[in-house]
Amino acid sequence: MCRHYIKSAIRSIKTNPLFSILNILGLAVGLTAGAILLLWSNKEPHFDDFHKKAENIFHLSVSFDVAGDLHSFDAVPGPLSVIAKNIPGIKSTIRIHEEDNCVLSDKNGQKIFDGNKIGYVDSNFLKVFDFNRLEGGGRELLPNGSSIALTRQTALKLFGTIDVIGEPVNFDHHIFTVSAILENFPDNSTLSYDALLPMAYFGANFTAGGGNGDWKTIDQDLGNYQFQTYVLLKDNEAPNVIGRGLSEAFNKLTKSEQGVHFNLQNIQQMHLVTIDGNKADLQMVRIILLIGILILVIASINYVNLATARSLSRSREVGVRKIIGASKKSLFIQFVFETLIIFLCSLALSIGLLFISKPIIAYFTNTSIFTRLNDQHTWFLMGLVLVGTLMASSIYPALLLSSFNPIQAISGKSKANGKTNFIRKGLVIFQFGISFALLVSTLVMSKQMRFIRTRDLGYNKEHVFIVPLPGSTLDHQEAITSILNKEPAIKSVGYASSSDVSNMMDGTGDLDWPGKPNDLNLMTGQLLVDEHFIPTMQFQFLEGHNFSGDSSQWFGNFFEA
């Protein structure tokens with residue numbers, strides 16, 4: 001029986017090729033657009049859920065009450081890791097210090113690669129996080145201060161193979177020995193680095209550089225907020241209770257009257273919820289999910305409208321079938337099979353369009369939406385969407401076509417009743433209403449993005465090119481600046497310790513001056529620059545003047561937007 005239905009459906013589709021092509025293309029485009037948005041919105045809420053202990057891993061942030069305004073910062077001082085050892089509910093603590101645009105090379109400097117993101121991590125990094133280690137079977141990821149762990153991609157760039165355990169790598173004028181090769185960090189991971197270095201090396205450099213005043217080690221330095229810190233809690237521990245314990249212990253050490261407040265945020269929430277609780281990104285994901293569903297609804301309604309518009313031309317076919325004995329049920333099944341075949345053709349075309357557009361999607365979203373295809377939840381969601389779209393597209397046209405009166409259909413007097421016209425007109429209005437709402441929303445968002453791009457940030461970002469350079473270039477800074485200034489196209493050259501002046505990774509609360517109120521908490525971003533940086537970026541002074549380059553002069557993050 002199914003074979004008969006399939007043959008009849010294929011015959012009907014071939015009889016009306018233009019109508020069939022329009023339906024297949026319309027559904028395919030709708031399925032493709034809807035699938036892209038649904039896959040993306042399904043991936044975004046599942047960042048960091050591959051960690052086995054994800055429910056107990058929390059990120060530390062800090063809040064300051066400055067003149068009644070709450071300010072939050074996502075990095076904390078190094079000694080918090082020491083304090084955490086005395087908090088009963090904490091099992092482990094991981095500190096991470098990040099550096100961007102780092103240069104790695106082989107021992108002889110024959111292969112040099114810049115733009116690397118480095119993470120200095122504590123030795124128990126892999127005991128908390130579940131990143132796959134490909135090579136290096138020792139108990140410790142970084143067994144000593146001269147060890148380095150590379151990702152697969154970094155190892156292939158430097159050596160052309162991942163079988164490089166024990167090989168030397170040059171970084172920061174220091175030779176490190178490869179102790180492990182990690183699989184590339186997943187693109188749904190908050191943490192992502194090209195190489196990992198031991199926190200012991202970072203701490204040794206801090207001490208060798210004189211420390212921070214009386215604080216000579218990173219375990220003592222209470223003033224610099226420069227570590228991304230994660231804690232692994234014991235089961236059933238309350239994060240707010242742990243946060244209060246850390247805050248009380250820290251404020252006791254700093255003897256701060258007003259104090260600071262440490263907050264814990266689960267690692268699975270970090271991607272979509274900011275440290276101050278703003279859920280704008282999460283709301284955006286929900287909006288994109290809704291838009292994807294609406295696009296599929298529009299595609300289904302478009303198919304229904306085309307099918308019902310053509311229903312009168314098929315009324316005689318229905319009449320003849322009923323006169324020779326076809327039941328309403330068999331006709332209903334027949335028309336459902338027609339929709340099913342058109343839907344399957346659209347689905348096949350949609351899958352092809354998805355994979356053709358894969359690099360374009362990756363370019364615009366900066367991620368791959370196909371990484372969760374081995375997840376049961378993803379397949380359940382896509383199956384539910386496909387079945388829902390198929391049912392919405394097939395049931396009503398099949399009911400309408402199978403309901404014609406055979407006598408009226410043969411005589412050519414069959415007409416759509418008032419109820420049918422009402423439903424069809426309602427669907428058209430609903431379809432255009434959704435389309436109009438999406439169009440208006442697109443225009444509003446476009447204007448918002450234009451406003452963000454053109455807003456005055458307090459400095460001139462037009463025609464400014466950022467070139468990452470290794471730290472060794474500071475020894476030749478004047479020569480490099482002189483050569484660059486000879487180029488007619490270059491107006492000014494300045495140096496800074498960060499490539500993103502709007503997102504300074506290091507901060508400090510260790511500021512003091514005569515007359516500073518005891519209850520004033522002030523957090524400033526730290527950026528090391530030369531005397532040409534401010535004129536190059538065209539920052540506007542509210543008071544004072546630029547410095548001459550004397551190392552005794554200092555600027556904090558006191559710029560106002």
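L349 sits in helix α10, where helices (H or I, at least four residues) and strands (E, at least two) are DSSP runs numbered from the N terminus. At 34% relative accessibility, L349 is partly exposed; that label covers the range between buried (under 20% relative accessible area) and exposed (over 50%), using a 1.4 Å probe and protein chains only. Keep in mind that this is a predicted model, so local features need pLDDT of at least 70 and side-chain atom pairs count only at pLDDT 80 or more, while totals for chains, interfaces and linings use all residues. Residues are numbered from 1 along each chain as its sequence is written, and side-chain values use heavy atoms, with hydrogens and water left out.

**The nonpolar patch**

- L349 belongs to a nonpolar surface patch of about 440 Å², together with I21, L25, L353 and I356.
- The top contributor is α10, with 3 residues.
- To be in a patch, a residue needs over 30% relative accessible area and no salt bridge; nonpolar side chains (Val, Leu, Ile, Met, Phe, Trp, Tyr) are joined within 5 Å, like charges within 9 Å.
- The areas themselves come from the Shrake-Rupley method with a 1.4 Å probe, and for residues only the protein chains shown count as cover.

**Salt bridges: the R95 group**

- The count comes to 6 salt bridges, each one a side-chain nitrogen of Lys or Arg within 4 Å of a carboxyl oxygen of Asp or Glu.
- One of them pairs D122 with R95, with the closest N and O atoms 3.3 Å apart.
- D122 lies in the loop between β4 (112-121) and α4 (125-128) and R95 in strand β3 (residues 90-106), so this pair ties together parts that are 27 residues apart in sequence.
- Both partners are tucked away: D122 is buried at 11% relative accessible area, and R95 is buried at 7%.
- There's a network here too, with salt bridges linking R95, D122 and D219.

**Salt bridges: two other pairs**

- E98 and K117 meet through their side chains at 3.9 Å, N to O.
- That pair links distant parts of the chain, with E98 in strand β3 and K117 in strand β4, 19 residues apart.
- E98 counts as buried at 19% relative accessibility, whereas K117 is partly exposed at 25%.
- E140 and K127 also form a salt bridge, at 4.0 Å from N to O.
- Here E140 is in the loop between β5 (133-135) and β6 (147-151) and K127 is in helix α4, 13 residues apart.
- E140 is partly exposed, at 31% relative accessibility.
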